[in-house]
Amino acid sequence: MQTKSILLYGGDGFIGRAMASRLLADNVHFYIVKKQSDKTTSSSSGYDNQKISYTNWKQSVDLLPTISTIIYLASATTPASSANKPTIEGAQNLAPLLDVIESVQRYPDIRIIYISSGGTVYGNGNNSFKETDNLSPLSYYGAGKVAAEIFLGTYSRTNKSPVTILRPGNIFGPGQYPKNSFGLIATLLKNHKNNMVTPIWGDGNSTRDYLYIDDFIEACMSVLSKQNQYSIYNLGSGHSYSVREIIDITSKVVGSKLDIKYQSARNVDATNCALDIDKFKGMFDWKPVVSIETGIKMTWDWLNS
């Protein structure tokens, strides 16, 4: 009997490419689900491996009887790109997820692993956020993630289906290309390499939790090894860094001062967001192993290769 496969939504993004590489290395059969409008071949997504199978959003429904797990990474926006435009979140992020939920209801044993956002769903706080804390997003992007979590929770309860929601901090590492001023470390490195000024929104004292991509993928693989009915976990490094600290560390890594221009803060950005990751560490015996300095160095080396 053939082992069931994984559907990977969002496999052409930064995290998705890293996830696909790991699944390939572990000889896990999976399909990368491409958008219906995307008629390009696998090479255009940065892959050159004949072992990768592709399907589009519509055809993926026909594969559901052969699927054990859906990993949902797809996201079409950033906090800045959907600012003042809630309909974009509804149309481009929430509606496609709801289509998946509606289709998968006929197969309640399929597990869904949904990648939410620990950096946007909580809002501001002085202490590390736990999974049980109130959700107060400051952006429509964050509100969309909260709405997705609520729909998935309802789906899990009504169908008794396994759903795991991961709320990661700011994931970074090799393979990340900054978009729409999203991804501080990638933006700093790319702009420095190209002798460009990096705009910083606010005074640089806002804090975030940064998690290296390999540590995040390892956490996801740990989740695949266990079956939970419904669960939510924060994922991060366990440490928060201010924007100024990240700039200083990056300057040391590249060996020269970065060209920075501070600008007025945006209302879509939380000023302080630290994540308590004890729940995940206790459940999966996982901990991040790549330091912020090492992660930035490996990202810089990749960018220059």
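A residue is called buried under 20% relative accessible area, exposed over 50%, and partly exposed in between, using a 1.4 Å probe and protein chains only. This is a predicted model, in which local features need pLDDT of at least 70, side-chain atom pairs count only at pLDDT 80 or more, and totals for chains, interfaces and linings use all residues. Residues are numbered from 1 along each chain as its sequence is written, and side-chain values use heavy atoms, with hydrogens and water left out.

**Loop residues with positive phi**

- Asn 195 lies in the loop between helix 5 (184-193) and strand 8 (198-201), where helices (H or I, at least four residues) and strands (E, at least two) are DSSP runs numbered from the N terminus.
- Although Asn 195 is not a glycine, its phi is positive, at about 55 degrees, and Asn 195 counts as exposed because its relative accessibility is 74%.
- Asn 84, in the loop between strand 4 and helix 3 (86-104), is also a residue other than glycine with a positive phi, near 65 degrees.
- With 72% relative accessibility, Asn 84 counts as exposed.

**Helix 1**

- The 12 residues of helix 1 (residues 14-25) should span 16 Å at 1.5 Å a residue, and this agrees with the 17 Å between its end C-alpha atoms; the expected span is 1.5 Å times one less than the number of residues.
- Phe 14, Ile 15, Gly 16, Met 19, Ala 20 and Leu 23 are buried in helix 1.
- The buried residues of helix 1 pack against strand 1 (5-9), strand 2 (30-34), strand 4 (67-72), strand 7 (170-172) and helix 6 (213-224), where contact means heavy atoms within 4.5 Å.
- After helix 1 comes Asn 27, which has a positive phi near 60 degrees.
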